[in-house]
Amino acid sequence: MDTAKDEFNIPNVIVDPRTRTQYSKGKFLGKGGFARCYELIDTTSGQTFAGKVVPKSMLVKPHQKEKMQQEVTIHQSLNHKHIVQFFSYFEDENNVYIILELCRRRSLMELHRRRKTVTEPETRYFVKQIVEACIYLHEKRIIHRDLKLGNLFLNDQMEIKIGDFGLATRVESESDRKRTLCGTPNYIAPEVINKKGHSYEVDVWSMGCILYTLLLGKPPFETSSLKDTYSKIRKNDYLIPENRISREVVLLIQRCLRHEPYDRPTMQQIYMDPFFTGFIPATLPTSVCTVAPRYS
Ligand SMILES: COc1cc(C(=O)NC2CCN(C)CC2)ccc1Nc1cc2c(cn1)c(C)nn2-c1cc(Cl)cc(CCC(N)=O)c1
């Protein structure tokens, strides 16, 4: 067995001791938090996965171990068309490995960066899939808490797959309000900044930010400093140029970005919103990663 190691102590052949599956290490895909992500190829089936690799040297403090365990426990429990499939989790002497569904078209972040704004039919197509997955999560009493373009992965069929449950949590009861969030969500809700209790409504807030960013080309509260962004979020200070997008989606964004959590719609109510009565393409070509589609 080839035990050659590169600078990150990842052997070129990785073995899952439980299933005895052998993976060869492929292309570096990117990094996030403590993790580095690689293509991992099952040497028997030839199937390629996204392998998140976390050095154990990064998991020394108890709360870091607990956070990793929480991510695995939650992600392992999920099974939905629009959520990244969790396949396996194992470790060797140096690293922890999480074997996940590979999404070859990367994420909405790259599409957004390339396209700047997307059309309303594309937005309905993507957001409908995200909301279906969130209805499933909230029914299982799970809050994702870090819905953002970079966590909304895309497969070769241009289907959405929600990933990265590193900030996700389980709500103990319907009245349970979470008080802590260790980490900094990208589209952070005001009740999290103000350290009030928070719950499912933080994912709805993120949906408002995602809708705004896809359609208008930049996030609603963006400034040059985190402090100023937090101040705008606290004051609910954002503008929607109403002449550029339809009335329905202006109203939907405004409802999702209401300062008070209980004033926001549930995911089910978003799903039933008039915005989704507009044209929704059944599929999208991969060309939308670079150019707007022409609807026949
Ligand atoms: C073929 O599939 C992919 C390719 C690429 C890619 O082309 N990355 C290039 C690699 C070379 N450098 C120079 C530019 C980016 C990136 C992601 C791919 N797929 C891909 C990546 C995936 C997943 C599924 N599928 C999952 C699940 N988790 N992660 C994951 C995990 C981490 Cl820790 C970091 C990143 C990178 C940040 C990001 N949001 O893309 C991703």
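**Close-up 1. Strand 2 leads the shell around the ligand.** With 6 residues, strand 2 gives the most to the shell around the ligand in this predicted model. Strand 2 (21–32), strand 3 (35–42) and strand 4 (48–55) each bring in at least two shell residues; strands are DSSP runs (E, at least two residues) and helices are too (H or I, at least four), numbered from the N terminus. Residue numbers start from 1 along each chain as its sequence is written. As this is a predicted model, local features need pLDDT of at least 70 and side-chain atom pairs count only at pLDDT 80 or more, while totals for chains, interfaces and linings use all residues; side-chain values use heavy atoms, without hydrogens and water.

Close-up 2. Look for Phe28, Leu29, Cys103, Arg106 and Gly150, which come nearest among the 20 residues around the ligand (near means a heavy atom within 4 Å). A polar backbone atom of Leu29 sits 3.0 Å from a ligand nitrogen, one of Cys103 is 2.9 Å from a ligand nitrogen, and a backbone N or O atom of Gly150 lies 3.0 Å from a ligand nitrogen (polar contacts are pairs of N or O atoms within 3.5 Å). The protein buries 75% of the 820 Å² that the ligand exposes when taken alone (Shrake-Rupley method, 1.4 Å probe).

**Close-up 3. Helix 5 packs with helix 7.** Helix 5 (residues 201–216) and helix 7 (residues 247–256) pack at about 145 degrees, with axes 8 Å apart (axes are fitted to C-alpha atoms over the stretch in contact; angles run from 0 to 180 degrees between N-to-C directions). Contact residues include Trp205 and Tyr212 of helix 5 and Ile253 of helix 7 (heavy atoms within 4.5 Å).

Note on methods
Polar contact = N/O pair within 3.5 Å; in protein donor to acceptor, adjacent residues only side chain to side chain.
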